[in-house]
Amino acid sequence: MRRLSARGSGSSRTRGGSLTRNLVLLATVVATVAVLLAGFAAWRTARSNAEAQYRERLTRQAAVLSVAPSLSTLLLDQAQRLTGATGVRVAVVSPDGRVAGPSGGAVTRADRDALLAGEDVSTTAVLDGARVLVEGRPAHDGAVVLTQPFTEVDAAADRIRSGLALPLIAGLVGAALAGTLLARRIARPLVDAAAVAHRLADGERGLHCTVHGPAEAREVARALNTLGSALEQSEGRQRAFLTSVSHEIRTPLTALHGYAEALADGVVEPGRQEEVGRILLAETERLGRFVTDLLELARLDADDFHITREPTDLDALIEETARAWTQRARRQELHLRVEHPGTPVTAVTDAFRIRQLLDGLLANAVRHTPPGAPVVLALRRADTGRVELQVRDGGPGLTEDDVRIAFRPGALRDRYAATRPTGTGLGLAIAHRLAERLGATLTLRGHGPEGGAHFTVTLPGEN
């Protein structure tokens with residue numbers, strides 16, 4: 001079979017490209033929203049992280065100063081030299097509650113009392129008109145307090161924020177690229193399927209769509225391949241059927257035309273006019289039967305085909321059918337045998353259509369059964385509570401290959417036209433379709449008890 005790549009028809013490419021663009025756009029929008037949310041969260045947390053880092057640094061410095069032997073002025077000068085370069089200021093709280101040092105203005109009475117009580121202090125305050133971080137630690141002879149302006153924290157937060165731009169942009173670009181690759185992976189098998197579908201719609205057959213991509217796309221490709229195979233088979237059967245129909249119609253038309261032309265030219269002897277008339281009548285009837293069967297087959301597929309379901313005594317229907325066919329069976333020297341319970345067997349169905357179905361099967365059996373052989377019409381209850389109607393014959397029967405194609409219009413006629421008596425070739429197709437419309441099943445065995453074909457119509461019994 002021919003394989004079709006993604007480079008299909010222009011219409012397919014247009015639709016596939018549109019799908020790809022939509023998927024890329026969707027992926028980019030989702031990625032952008034995600035990146036913006038992440039950036040907003042990082043922006044909001046940058047200041048708090050910077051503040052936490054500076055407080056931790058002040059805490060370590062305060063812990064180092066708090067273990068000094070004496071919090072003297074000399075120590076304050078040394079601490080000032082150590083910390084002044086980073087904007088850190090120091091204050092000392094003496095045991096009697098006095099506060100000394102550059103950052104003393106940031107120590108409140110509550111802070112002083114907490115430090116002298118042995119508690120750590122971590123807070124904010126205002127020193128010289130500016131907000132500062134405050135970290136205090138108790139010492140053996142008082143307490144140490146360190147402060148640092150919030151301007152240092154803000155500067156550190158700005159540095160963190162400025163470093164976020166490049167990663168966020170890189171994340172956005174990466175997400176867009178990933179979305180593009182994903183969109184192409186999803187869209188490509190759909191483009192393949194669309195191209196195959198368009199070519200199938202244009203009448204091409206024998207196409208095969210490559211099964212690849214995500215699970216849903218693979219399922220679409222498999223379904224499309226199944227559809228293509230079904231279309232190819234269906235159209236092949238249709239062509240064969242039309243060929244058979246053409247042949248069936250052409251044969252009687254040829255005879256009609258030939259004899260009609262002979263009559264028109266006056267070349268038919270007076271003594272043969274009656275014979276010619278019978279031939280014309282027979283060919284006309286043959287053509288009429290064929291057209292009637294074609295119309296019946298078409299009606300069975302119509303939505304308005306009428307079915308009237310009501311309780312029906314199938315035993316009585318079998319007897320009625322047998323009486324109607326007894327005389328014809330005798331004329332052909334056949335033994336028509338009826339097997340039925342002799343008591344009412346009820347099913348909810350259409351009695352007229354059941355009779356039509358049985359007539360079609362009996363006509364087929366009578367046509368193929370040689371003189372002296374039996375034709376059986378039977379009714380029985382199945383173990384499952386269903387009802388079976390059977391038509392069996394003593395004819396030549398059918399092979400397993402015959403059984404597989406028996407219900408296709410004209411199939412058996414084409415196969416056996418030269419060796420067996422045949423009808424229009426539509427009877428079994430009509431019977432099978434009629435059984436389906438009745439909600440019954442029609443099955444066929446190639447050889448039954450009498451040696452010939454064995455047809456079984458299974459109906460649900462009365463509830």
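Arginine 337 stands opposite valine 376 in strand E11, at a place where E9 (335-339) and E11 (residues 374-381) run parallel and are joined by five bridges. The model is a predicted one, in which local features need pLDDT of at least 70 and side-chain atom pairs count only at pLDDT 80 or more, whereas totals for chains, interfaces and linings use all residues. Residues are numbered from 1 along each chain as its sequence is written, and side-chain values use heavy atoms, with hydrogens and water left out.

Strands (E, at least two residues) and helices (H or I, at least four) are DSSP runs numbered from the N terminus, and two strands are taken to pair if DSSP finds at least two bridges between them. Five strands form an open sheet of mixed pairing, in the order E9-E11-E12-E14-E13. Its edge strands, each pairing on one side only, are E9 and E13 (441-445), and neighbouring strands of this sheet are turned by 15° against each other on average, direction ignored.

A further set of pairings involves strand E5 (residues 130-139), of whose 10 residues seven are buried, that is, under 20% relative accessible area with a 1.4 Å probe and protein chains only. E5 pairs in the antiparallel sense with E4 (residues 121-127) over seven bridges, and glycine 136 in E5 is the bridge partner of valine 121. In the hairpin of E4 and E5, which has two residues between the strands, aspartate 128 takes a positive phi near 55°. E5 also pairs with E6 (residues 142-149), in the antiparallel sense and over eight bridges, with threonine 147 in E6 as the bridge partner of valine 134.

Technical notes: Axes fitted to C-alpha atoms, helices over the stretch in contact; angles between N-to-C directions. Buried < 20%, exposed > 50% of the residue type's maximum accessible area, 1.4 Å probe, protein only.
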